[in-house]
Amino acid sequence: MTTLDLRPLGNTGLKLSSVGFGASPLGNVFGPVSDHDAIASVREALRLGINFFDTSPYYGGTLSEKVLGKALKALGVPRNEYIVSTKCGRYAEGFDFSAERVTKSIDESLERLQLDYVDILQCHDIEFGSLDQIVNETIPALQKLKEAGKIRFIGITGLPLGVFTYVLDRVPPGTVDVILSYCHYSINDSTLEDLLPYLKSKGVGVISASPLAMGLLTESGPPEWHPASPELKAACQAAAAHCKEKGRNISKLAMQYSLSNKDISSILVGMNSVKQVEENVAAANELATFGKDEKTVSEIEEILKPVKNQTWLSGIQQI
């Protein structure tokens, strides 16, 4: 059995599996998941070499953290064999990046996860807060949590790429260890690539989530609420149909496209079943063995060319 690539995460010393387990679906975000299925999918992920699990108190109104915690506990795996990342600042009841709230937040998360510490604590979707508060109040509060041993590393997440440079240019070097970007490194939008040299120069690790662009790059298409434009949705639908015609699956090709950039430490994908875990790992192993299907990928890129790098707004930026 091929094992997944382990890739270094910036200057942290951590090595993340190239495929990361996004635990938001464990919070029933995409339909109900039984404890049995949740535990089975986490077990299979660990068995196949996935060592990185990402959650947030926001997912399923704290349910994702509880279910992930229960699954890891049930499997009894030694703590040093897996890496857990959770978030702070975004909750079912809204956003709060105050020092007081994020300090309380980690204690609540640790209790739900049944852990003594998390490897990475990330400020969640910072474009919805004041970026100056993130710089001057939230991150210093997280540094205290690091000193207290409750977290090992500090991260920030968001959709607009400009939030990362805004914060990283204003905090002391080495303060922020990792960024999590989503929907900016997939076949339809690869704008994260332009930022990679900058992030490398800052020693910051990079995690990219949602290689399927929140469902755009799937045969079944995106959910109703997807914020993409009608043109982008139509182009992705045409690309998916083209792949199907050729006996290829657009989701697998999209996953492999994202995995092929080694400067990205882990590609985070939401999973809630053994089947999903197996498909994602198989896509990575196939890529490692045979390389990516350049011909079909370039055909998809041609179809998506008119809408390439077209993004959507995630909220009001307060810069």
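## A tour of the rings and salt bridges

Start by selecting Phe95, Phe97 and Phe128, which ring pairs join into a cluster. Rings of Phe, Tyr and Trp (its six-membered ring) count as a pair if their centres lie within 6.5 Å; planes under 30 degrees apart are called stacked, over 60 edge-to-face, and the rest tilted.

Before going on, a word on what is on screen. This is a predicted model, in which local features need pLDDT of at least 70 and side-chain atom pairs count only at pLDDT 80 or more, while totals for chains, interfaces and linings use all residues. Residues are numbered from 1 along each chain as its sequence is written, and side-chain values use heavy atoms, with hydrogens and water left out.

Now colour by pLDDT, the predictor's confidence in each residue, from 0 to 100. The protein has a mean of 94, and 97% of its residues reach 70 or more. Select residues 315-319 next: pLDDT stays under 50 there, and the model gives this stretch twelve contacts beyond four places in sequence (a contact means heavy atoms within 4.5 Å).

Helices (H or I, at least four residues) and strands (E, at least two) are DSSP runs, numbered from the N terminus.

**Back to the rings**

In the whole structure, a search finds five aromatic pairs. Zoom in on Phe21 and Phe53, a tilted pair at 5.2 Å centre to centre with 40 degrees between the planes. This pair links distant parts of the chain, with Phe21 in strand S3 (residues 19-22) and Phe53 in strand S4 (residues 52-54), 32 residues apart. Both Phe21 and Phe53 are buried (buried means under 20% relative accessible area, exposed over 50%, partly exposed in between, with a 1.4 Å probe and protein chains only).

**On to the salt bridges**

The whole structure holds 22 salt bridges, each a side-chain nitrogen of Lys or Arg within 4 Å of a carboxyl oxygen of Asp or Glu.

- Select Lys146 and Asp177, whose side chains meet in a salt bridge (3.3 Å, N to O). Lys146 is in helix H4 (residues 131-147) and Asp177 in the loop between helix H5 (162-168) and strand S10 (178-182), so the pair ties together parts 31 residues apart in sequence. Lys146 is partly exposed at 29% relative accessibility, whereas Asp177 is buried at 10%.
- Move to Asp263 and Lys200, bridged with their closest N and O atoms 3.0 Å apart. Asp263 lies in the loop between helix H8 (250-259) and strand S12 (266-270) and Lys200 in helix H6 (residues 192-201), so this pair ties together parts 63 residues apart in sequence.
- Next, pick Glu279 and Lys275, which form a salt bridge at 2.9 Å, N to O. Both lie in helix H9 (residues 274-290), four residues apart, about one turn of the helix.

Finish at Asp5, Arg7 and Lys262, which a network of salt bridges links.
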